[in-house]
Amino acid sequence: MFKFTATVVAALAVCGAAQAQSNYPNKPIRLLVPFAAGGTTDLIARIIAEPLSRELGQSVVVENKGGGGGSIGASETARAAPDGYNLGIATVSTTATNPAINPKIPYNVATDFTPIVNIAATPNIIAANPKFAGKDYKSFLAEIKNQPAKYSYASPGLGSITHLMMEMFKLETKTEMTHVPYRGSGPALNDTVAGQVPLIFDNLPSTLPFVKEKRLTALVVAAPQRIAALPDVPTFKEVGLPQVNRMAYYGIVGPKNLPKDVVAKINAAVRKAVLDPNVKKRIEESGSIIMADTPEAFAKQMAEELAVYKNVVQKQNLKMDE
């Protein structure tokens with residue numbers, strides 16, 4: 001009977017893996033969203049899933065697994081086999097702000113993921129209850145400077161992108177406000193609209209409907225340029241705060257050691273999918289901006305955002321149990 005040596009076994013394994021990669025994909029792909037259904041992250045994932053399925057020739061099935069500020073779902077993606085069939089949506093919360101503030105996060109952003117593509121980015125916004133004294137950015141800033149520590153602000157949660165963005169804003173403007181964390185944008189918005197909290201820092205898509213209904217007052221946005229729906233609202237860059245002018249990203253990552261040809265195939269499929277006018281329209285109607293960049297560009301952005309928010313956490317002495 002012929003006996004396989006360790007070398008032969010290893011060679012056969014490499015050949016098998018190479019063949020599997022060249023045939024990729026030959027079965028459905030899971031796209032894990034590390035948050036509950038209904039938020040911006042889930043929306044972007046579901047918009048891209050169908051056209052991505054068409055481009056790859058296999059079903060892309062969106063699955064939600066929330067909890068831990070996105071860390072539970074992100075951890076599952078990090079632990080998956082690097083074969084391209086278990087992908088995850090990466091956000092600033094899962095790859096930058098949460099890891100920056102939580103020393104017990106169960107993954108290493110720099111080593112446990114393979115960045116594939118940043119699909120889209122979403123502006124963020126500071127808005128106020130209509131009864132708040134400030135009616136625009138200038139009067140808002142004057143009010144919080146004249147009344148240090150009087151006001152509180154709502155965010156979707158401790159360690160969320162908008163929590164740390166407001167802390168960055170406070171750092172840059174030398175102002176003080178009290179953070180009131182909620183379990184998501186919905187309850188945070190509801191309490192701000194009701195006047196329980198005077199201010200909120202949140203993603204634009206979830207806040208914009210309340211602004212349009214005049215139930216909230218938009219004060220300043222984090223975006224490359226003014227938002228068409230809010231032509232009178234300045235960007236942070238315009239008001240002299242370019243460091244705070246940061247958007248939320250929604251990209252796709254896989255586990256570490258994902259083969260380069262698999263990464264290239266998914267990246268190319270996403271970039272082609274967003275050229276579809278209907279897909280482009282749906283993403284832009286959500287309040288997001290299409291990015292569709294390279295794996296290298298997305299990896300660089302992830303590293304930069306993590307460094308930025310680590311600095312904010314350190315300077316503001318933020319803790320998970322604040």
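This is a predicted model: local features need pLDDT of at least 70, side-chain atom pairs count only at pLDDT 80 or more; totals for chains, interfaces and linings use all residues.
**Entry 1: the cavity**

I started with the largest cavity, and its lining is made of Ala74, Thr77, Gly88, Ile89, Ala90, Thr94, Thr95, Phe113 and Val253.

How much space lies in the largest cavity? I looked it up and got about 40 Å³. I also checked the count of cavities of 30 Å³ or more, and it comes to 1.

Next I wanted to know which elements the lining comes from. Helix H3 (71-79), strand E3 (86-91) and helix H4 each supply at least two residues of it. Which of the elements gives the most to this lining? E3 does, with 3 residues.

Then I sorted the cavity lining by class. I got 5 nonpolar and 4 polar residues, and no charged ones.

**Entry 2: the pocket**

On to the largest pocket, which has a volume of about 940 Å³. I found 42 residues lining it. Which of them lie nearest its centre? My list reads Phe35, Pro156, Arg183, Gly184 and Ser185.

The largest share is from H2, with 4 residues.

The pocket lining splits into 16 nonpolar, 23 polar and 3 charged residues.

**Entry 3: H4 against H6**

A reminder from class: two packed helices are described by the angle between their axes and the distance between the axes. So what are those values for H4 and H6? Helix H4 covers residues 92-101 and helix H6 covers residues 161-173, and they pack at an angle of about 60° with their axes 9 Å apart. Roughly perpendicular would need 65 to 115 degrees and roughly parallel under 35, so H4 and H6 count as oblique to each other.

Is the crossing left-handed or right-handed? For H4 and H6 I have it down as left-handed.

Last, I looked up which residues meet. From H4 I noted Val92, Ser93, Thr97 and Ile101, and from H6 I noted Ile161, His163 and Leu164. By class, the residues of this contact are 4 nonpolar and 3 polar, with no charged ones.

Conventions: Residues are numbered from 1 along each chain as its sequence is written. Side-chain values use heavy atoms; hydrogens and water are left out. Axes are lines fitted to C-alpha atoms, for helices over the stretch in contact, and angles run from 0 to 180 degrees between N-to-C directions. Angles under 35 degrees count as roughly parallel, over 145 as roughly antiparallel, 65 to 115 as roughly perpendicular and the rest as oblique. A crossing is left-handed if the near helix is turned anticlockwise from the far one by less than a right angle, and right-handed if clockwise. Contact means heavy atoms within 4.5 Å. Ala, Val, Leu, Ile, Met, Phe, Trp, Tyr, Cys and Pro count as nonpolar, Asp, Glu, Lys and Arg as charged, and the others, Gly among them, as polar. On a 1 Å grid over the protein atoms alone, a cavity is a set of points where a 1.4 Å probe fits but cannot get out, and a pocket is an open set with protein on both sides within 12 Å along at least five of seven lines; lining residues have an atom within 4 Å of a point. Grid points are joined across faces, edges and corners, and a volume is the space filled by probe spheres set on the points.
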